[in-house]
Amino acid sequence: MASGIFALLDDIATLMDDVAMMSKVAGKKTAGILGDDLAVNAEKASGFMSSRELPVLWAITKGSFLNKLIILPLAFLLSAFLPAAVTVILIIGGLYLAYEGAEKIYEYFFPHEHETEAPKLEKLSEEEVLSMEKEKIKSAIVTDFILSVEIVIIALGSVAAENLVTQVLVVTVIALVATVGVYGIVALIVRMDEFGAKLIDLNDREDSISDKVGAFLVSALPKVIKSLSVIGTIALLLVSGGIFVHNIHFLHELFPNLPGIVVELLTGLAVGILMLLLIKAATGIWKKIAR
């Protein structure tokens with residue numbers, strides 16, 4: 001009886017060790033999406049009144065948990081009964097990520113022309129403000145759903161060769177980290193300027209250390225969000241390129257003398273440019289037909 005219990009505990013310890021090791025591997029492969037997720041959600045959660053930032057972020061976080069509850073069982077069912085579909089979805093996700101990365105670069109160099117209108121000063125009722133807030137929360141949750149699908153599928157693809165129990169545990173860990181970790185960091189980012197303002201008001205002395213630190217935090221917030229966007233764009237291309245390089249043998253052997261990270265970046269960029277051209281061509285044709 002005792003030997004059976006010890007054997008069970010040893011099996012559990014071995015399983016947890018495997019889960020920890022595979023979680024590190026899956027974490028590295030999903031790091032790019034997590035970076036983009038962080039940048040997107042930091043932007044989505046900012047722009048509210050100071051008193052509403054954390055409640056809004058909590059509402060988005062709850063929506064993110066619900067997204068994971070929907071996505072995870074479907075992903076595990078596909079892995080168990082139709083594993084080939086995981087690879088197909090992974091490739092489709094890679095195409096989307098490559099397009100998104102290339103589109104961001106294109107938008108940076110050739111920004112769309114937006115109609116400029118003089119801002120209208122109008123007093124909104126509490127119901128109208130809450131309605132606008134709900135719309136922004138809904139938009140953020142939809143974006144989180146798309147990114148969550150990508151994170152789960154990439155994590156699942158990294159442990160496709162493992163048994164189902166290991167897959168379930170590893171992908172669940174990554175999904176929880178993606179929610180708790182990302183939104184925890186977003187909360188710190190969006191409150192950074194508020195914390196800086198409190199440091200500035202900490203004492204009446206001018207040019208004190210708290211004033212300098214507070215001013216730095218206040219001025220750093222927009223730069224942090226912008227830098228996250230740049231890092232997220234590079235990460236998107238790296239992740240998408242990695243998907244193609246590791247799943248298409250021809251690409252994996254195409255440039256044997258170049259470092260892997262360079263091959264993945266160039267592959268992601270090349271696929272992204274191709275997807276961008278195809279989508280823009282299809283959009284142009286559709287507009288002509290619609291006329």
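## Helix packing

A crossing is right-handed if the near helix is turned clockwise from the far one by less than a right angle. In this predicted model, H2 passes H5 in a right-handed crossing. Helix H2 covers residues 53–81, and helix H5 covers residues 164–190. Their axes come within 10 Å and cross at roughly 165°. Angles over 145 degrees count as roughly antiparallel, so H2 runs roughly antiparallel to H5.

What residue classes make up the contact of H2 with H5? There are 18 nonpolar, 6 polar and 2 charged residues.

Two elements, H2 and helix H4 (126–158), each give two or more residues to the patch.

Which element gives the most to the nonpolar patch? H2 does, with 6 residues.

## Salt bridge

Side chains of opposite charge can pair when their charged atoms come close. How many salt bridges does the model have? The count is 1. Lysine 138 pairs with glutamate 135, and their closest N and O atoms are 3.9 Å apart. The cut-off for such a pair is within 4 Å.

Both residues belong to helix H4. Lysine 138 and glutamate 135 are 3 residues apart there, so about one helical turn separates them.

Methods. Residues are numbered from 1 along each chain as its sequence is written. This is a predicted model: local features need pLDDT of at least 70, side-chain atom pairs count only at pLDDT 80 or more; totals for chains, interfaces and linings use all residues. Side-chain values use heavy atoms; hydrogens and water are left out. Axes are lines fitted to C-alpha atoms, for helices over the stretch in contact, and angles run from 0 to 180 degrees between N-to-C directions. Helices (H or I, at least four residues) and strands (E, at least two) are DSSP runs, numbered from the N terminus. Angles under 35 degrees count as roughly parallel, over 145 as roughly antiparallel, 65 to 115 as roughly perpendicular and the rest as oblique. Ala, Val, Leu, Ile, Met, Phe, Trp, Tyr, Cys and Pro count as nonpolar, Asp, Glu, Lys and Arg as charged, and the others, Gly among them, as polar. A salt bridge is a side-chain nitrogen of Lys or Arg within 4 Å of a carboxyl oxygen of Asp or Glu.
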